Amino acid sequence: MTKHGLKRWIAEGGPYIWLNAGAVSVSVLMVVGLLLLIAVRGLGHFWPGRIASFDYTDENGAVERMLGEFADHEVVPRARLGRSDPRIPADQELVERRLIKTGNRDFLGIDFHWVLGAGMGTVSFPADAVALERREWGNLYGYLVAVKMGGKSIANGAQPWVALNRQLGRTRAVFDTIRHIERDLIGGINYRLERLRLKQRGLELAHKDDPELLARMQVEQADLQAEYDRHTAELAGLYTDLNAATYVVRLADGTEHELPLAKVVRAYRPNAMTLPGKAGFYASKFWEFISDEPREANTEGGIFPAIFGTVLMVMIMAVLVTPFGVMAAVYLREYARQGTLTQIIRIAVNNLAGVPSVVYGVFGLGFFVYFLGGNIDALFFAEALPAPTFGTPGLMWASLTLALLTVPVVIVSTEEG
């Protein structure tokens, strides 16, 4: 390229085009790499890890039998341990240690333990080791001894695993029935009772005395209460059946414990599973993560409520933003007189596009929730006060706040387009 051609290329903006294209390419590669890293590190979480068993000798010489999954390992300098350890040779500078997920939080206090490789004995993977995923206290690792119903063993010897899976299926069915009664039937009754209470409270605030209407409301309330009592009696029987099933498990230290089967979500023996079995387990765990509700303080279960709320909020935001943002941009560019006022509006829109999102969040909380929602409650839902109806954070206010955040960006982008 000649000197004249180089100057012409620079004048036409060629270097900036290539720099912009290179920056976009690097950004895309970084995003793809981040997604791949998340997929590699995150999706492997659902694969059933083998349960290891070994004797561990601590620095005092005490031997403890440990049972759990290998979660992580690292090599650290000897000085990082902060103390001398007779298990480590004096000339050894680097020490290997492993993170073991021992579970059994209700018995051991914590789920994970760091152990030094120098203190670990021979590692084995017993085929009869059982992992029990529970609704409370996290995973439990041990050896299944027996399954009981009403205090009587229904299987022992070589059959407890078969009996556990059979009884676990029945327990899940009873648990689902209880959940349906509590959330759908009793929840619906409580909602209708609350509506009746609010209606009565509204009549009191309006100083309206209608004996016939009050009598009808009392009859309806009595019918709902009778239906509520029938469902609670049914629940009592179901809970009795649910709590009758127990299982006996032997932990790594040799102690045996009898625990309720109702707290178990799933049971599996990863050391005895085949590759198709592990693939099926992986698929079920992944589907649970996508479609189920969280439990154990959001450390177990799924993320469906978060996915549903996010998707619905974005859809509502798009419905609000798209027409207003596009119409405002088209008007400013094609129809508005390009004068001082239009320039001020355009500068304001550009400035709003650069405002931090936390400012919009504070504005949405103060204006939509406290001011607008509080006034709506005072005007139309006085009978429910002090409990808020619209004066509380919700999906609608979040969507409106997100719409305000997005409108300036849409206007600027549409104008440029």
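## A walk from Ala236 through the model

Start by selecting Ala236, which is partly exposed, with a relative accessible area of 43%. Before going further, keep in mind that this is a predicted model. Ala236 sits in helix H5, residues 211-244.

**Stop 1: H4 against H5**

Stay with H5 and bring up helix H4, residues 160-205. How do the two run relative to each other? Their axes come within 10 Å and cross at roughly 160 degrees, so H4 and H5 are roughly antiparallel, the cut-off for that label being over 145 degrees. The H4/H5 crossing is left-handed.

**Stop 2: H9 against H10**

Next, select helix H9 (residues 357-380) together with helix H10 (residues 395-416). The two pack with axes 9 Å apart, at an angle of about 135 degrees. That angle makes H9 oblique to H10. The crossing of H9 and H10 is right-handed.

While you are here, go to the loop between H9 and H10 and pick Pro386. What kind of peptide bond joins Leu385 and Pro386? The bond is cis, with omega at about 10 degrees.

**Stop 3: two residues with positive phi**

Jump to Asn104, in the loop between strand S3 (94-101) and H3. Asn104 is not a glycine, yet its phi is positive, at about 50 degrees. Buried or exposed? At 5% relative accessibility, Asn104 counts as buried.

Then try Trp137, in the loop between S5 and strand S6 (139-149). Here too you have a residue that is not a glycine, with a positive phi of about 70 degrees. Trp137 counts as partly exposed, at 45% relative accessibility.

**Stop 4**

Time for charges. Side chains of opposite charge can pair when their charged atoms come close. A search of the whole structure turns up 19 salt bridges.

Select Asp106 and Arg134 and show their side chains: the two meet in a salt bridge, 2.9 Å from N to O. Asp106 belongs to helix H3 (residues 105-108) and Arg134 to strand S5 (residues 129-134), so the pair ties together parts that are 28 residues apart in sequence. Colour the two by accessibility and you can compare the ends of the bridge. Asp106 is partly exposed, with a relative accessible area of 29%, whereas Arg134 counts as buried at 4%.

**Stop 5**

Now pick Glu288, which counts as buried at 8% relative accessibility. Which residues does Glu288 pair with? One partner is Lys285, with the closest N and O atoms 3.7 Å apart. Lys285 and Glu288 are three residues apart in helix H6, so about one helical turn separates them. Lys285 is buried as well, with a relative accessible area of 13%.

Another partner is Arg295, where the closest N and O atoms are 3.6 Å apart. Arg295 counts as buried too, at 14% relative accessibility.

**Stop 6: a nonpolar patch on the surface**

Switch to a surface view for the last stop. Select Leu43, Phe286, Trp287, Ile290, Ile303, Ile307, Val311 and Met315: these form a nonpolar patch on the surface, with about 690 Å² of accessible area together. Which elements give two or more residues to the nonpolar patch? Helix H6 (275-291) and helix H7 (304-335) do.

Finish on Ile290, one of the patch residues. Ile290 is found in helix H6, the helix that also holds Lys285 and Glu288 from the previous stop. Ile290 is partly exposed, with a relative accessible area of 30%.

Technical notes: Residues numbered from 1 in each chain as written. Predicted model: local features only at pLDDT ≥ 70, side-chain atom pairs only at ≥ 80, totals over all residues. Heavy atoms only, no water. Patch = residues over 30% accessible without salt bridge, like charges linked within 9 Å, V, L, I, M, F, W, Y side chains within 5 Å. Areas by Shrake-Rupley, 256 points an atom, 1.4 Å probe, with all protein chains shown as cover. Salt bridge = Lys/Arg side-chain N within 4 Å of Asp/Glu carboxyl O. Helix = DSSP H or I, 4+ residues; strand = E, 2+ residues; numbered from the N terminus. Buried < 20%, exposed > 50% of the residue type's maximum accessible area, 1.4 Å probe, protein only. Axes fitted to C-alpha atoms, helices over the stretch in contact; angles between N-to-C directions. Parallel < 35°, antiparallel > 145°, perpendicular 65-115°, else oblique. Left-handed = near helix turned anticlockwise from the far one by under 90°.
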